[in-house]
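Please look over the sequence and the structure below before reading on. The report then goes through them topic by topic.

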Amino acid sequence: MNPRQGAERLLFALILIIFGAAVRGGEKKFPLEIAVSFSPVICGDRVHLFAAGGRNQTLDPAEDAPSCNLMSLKPAVQPVCVNGKVFVADSSGALYQMADGIPEETARMEGKPVGIFELDGQAAVVEENRMLFPGSGHFPLPFHAVSAFRTGPGLLVFGEMEALLFSGGRIVLRFPFKGKTVVAACVAGDRIAVGTDDALVLLDSATGKAKKRFITRSKVVSIIDSGEGFAFASTDHMIRLMNLKGRILWQTRIQGRPLGLWTHSNGLLTATAGGSHLVFLEESKGTELWDYRLERGEMITAPGFSPTKAAMLSFDSLPEPALILVDLP
């Protein structure tokens with residue numbers, strides 16, 4: 001080993017040690033009294049927790065433990081934070097917004113919600129037959145929606161036989177897509193990447209025609225726009241970076257099935273299901289820069305994130321999970 005290589009490896013080791021020490025110093029754990037069913041929502045300086053049974057709690061930074069909210073809410077899909085307010089699509093058909101922990105009905109849904117997203121600075125609810133924009137009306141969908149995904153220019157919505165890209169208040173592309181259950185999708189450059197149970201498919205973003213198929217033989221759980229193409233995670237424990245032509249630039253194996261993939265500070269974050277890892281990867285080469293491990297238990301949902309923190313739910317020996325807040329590197 002030459003002196004330069006030795007110095008680089010020493011510097012890398014020091015970075016890992018510093019990251020690890022900083023994160024352990026910024027870790028907080030809160031035992032919960034509810035069986036949380038959705039990922040934590042960090043909104044402003046509060047962490048919101050929701051259970052399928054209707055109980056929900058809010059952790060205020062001034063408190064030592066999460067406090068129970070008085071109103072019962074039963075989210076039908078993952079709640080989201082938009083402009084400092086948490087939006088909840090309740091199973092009763094009401095859409096609530098929460099500011100300071102107090103729910104306020106803001107709209108009524110007509111059909112089953114597929115997902116809630118932030119779009120152009122406002123909340124957008126994709127229902128089976130329309131998109132609802134609280135306070136500004138709705139937009140009918142030309143087919144029955146079964147899944148939807150937030151992407152750079154807008155929303156990708158999939159039905160059983162076709163799909164569309166919604167951007168700038170209108171449908172900019174409608175194309176056939178059938179035969180596979182879509183579990184992730186994203187737009188970058190002149191390509192749309194679609195993840196299924198066994199492959200990642202690249203489509204032309206102008207026509208929707210398939211250009212490339214990469215067989216994973218495992219479910220593609222998350223796809224995000226990268227500077228060079230698409231970064232995607234699949235349940236074969238792999239994180240990969242693919243360019244717009246469909247060439248794999250790098251791949252990294254992690255210790256567990258990834259729960260998702262997120263961008264953070266010039267890198268990528270992933271977390272493992274049935275495991276205890278939150279991993280930070282350098283984006284251009286896939287090098288692991290930092291690995292946070294739970295001291296006990298396993299992660300049960302995808303984490304919630306703010307620019308500086310991750311909120312995780314973990315089971316150990318108790319029937320209810322614990323909320324763990326960790327400072328990100």
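The sections below cover confidence, overall form, and then selected residues.

## Confidence of the model

This is a predicted model. The pLDDT, which is the predictor's confidence in each residue, averages 89 over the chain, and 91% of the residues score at least 70.

Over residues 1-25 the pLDDT is below 50. Beyond near neighbours in sequence, this stretch has 20 contacts in the model. Where pLDDT is low, the predicted coordinates should not be read in detail.

## Overall form

Taken along the principal axes, the C-alpha atoms fill a box of roughly 65 × 50 × 30 Å. The radius of gyration is 20 Å, and a compact globule with 329 residues would have a value near 20 Å, so the two agree.

Of the 329 residues, 51% count as buried. The accessible surface of the chain comes to about 15,300 Å², and carbon and sulfur atoms contribute 50% of this surface. Among the contacts with a separation of 6 or more, 37% are between residues 24 or more positions apart.

## The disulfide and other cysteines

A disulfide is a covalent bond between the sulfur atoms of two cysteines. How many does the structure hold? The structure holds one disulfide, and this bond joins Cys43 to Cys81 with an S to S distance of 2.1 Å. The torsion about the S-S bond of Cys43 and Cys81 is about 65 degrees, so the disulfide is right-handed. Because Cys43 lies in strand β2 and Cys81 in strand β6 (residues 80-82), the pair ties together parts that are 38 residues apart in sequence.

The two partners can be compared by their accessibility. Cys43 has a relative accessible area of 6%, so Cys43 is buried. Cys81 is at 29% relative accessibility and therefore counts as partly exposed. Cys68 is in no disulfide, and the nearest cysteine sulfur, that of Cys43, is 19 Å away. Cys68 counts as partly exposed because its relative accessibility is 41%. Cys186, at 4% relative accessibility, counts as buried.

## Aromatic pairs

The structure holds eight aromatic pairs. In one of them, Phe214 and Phe232, the ring centres are 6.1 Å apart and the planes are at 75 degrees. Planes over 60 degrees apart count as edge-to-face, so the pair of Phe214 and Phe232 is edge-to-face. The pair links distant parts of the chain, 18 residues apart: Phe214 is in strand β21 (residues 210-215) and Phe232 in strand β23 (residues 229-234).

Phe232 is buried, with a relative accessible area of 0%, whereas Phe214 is partly exposed at 21% relative accessibility. Elsewhere, ring pairs link Phe149, Phe158, Phe175 and Phe177 into a cluster.

## Two buried residues

Is Pro40 buried or exposed? Pro40 has 4% relative accessibility, so Pro40 counts as buried. This proline is in the loop between β1 (28-31) and β2 (41-43). Not counting residues up to four places away in sequence, Pro40 touches Val47, His48, Leu49, Thr301, Ala302, Gly304, Ala311, Leu313 and Leu323. Pro40 and Pro79 are 39 residues apart along the chain, and their C-alpha atoms are separated by 8.8 Å.

Gln97 lies in strand β8 (residues 94-99). Buried means under 20% relative accessible area, and Gln97 is buried because its value is 14%. Leaving aside neighbours within four places in sequence, the contacts of Gln97 include Lys85, Val86, Phe87, Ile102 and Pro103.

## Positive phi angles

Most residues other than glycine have a negative phi. Asp120 is not a glycine, yet has a positive phi of about 55 degrees. Asp120 is in the loop between β10 (113-119) and β11 (122-127) and counts as exposed, at 59% relative accessibility.

His237 is not a glycine and has a positive phi of about 75 degrees. The place of His237 is in the loop between β23 and β24 (238-243). With 22% relative accessibility, His237 counts as partly exposed.

Technical notes
Residues are numbered from 1 along each chain as its sequence is written. This is a predicted model: local features need pLDDT of at least 70, side-chain atom pairs count only at pLDDT 80 or more; totals for chains, interfaces and linings use all residues. Side-chain values use heavy atoms; hydrogens and water are left out. pLDDT is the predictor's confidence in each residue, from 0 to 100. Contact means heavy atoms within 4.5 Å. Helices (H or I, at least four residues) and strands (E, at least two) are DSSP runs, numbered from the N terminus. Buried means under 20% relative accessible area, exposed over 50%, partly exposed in between (1.4 Å probe, protein chains only). Rings of Phe, Tyr and Trp (its six-membered ring) pair if their centres lie within 6.5 Å; planes under 30 degrees apart count as stacked, over 60 as edge-to-face and the rest as tilted. A disulfide is a pair of cysteine sulfur atoms within 2.5 Å. The radius of gyration is taken over C-alpha atoms; the globule rule is 2.2 Å times the number of residues to the power 0.38. Accessible areas come from the Shrake-Rupley method with a 1.4 Å probe; for residues, only the protein chains shown count as cover.
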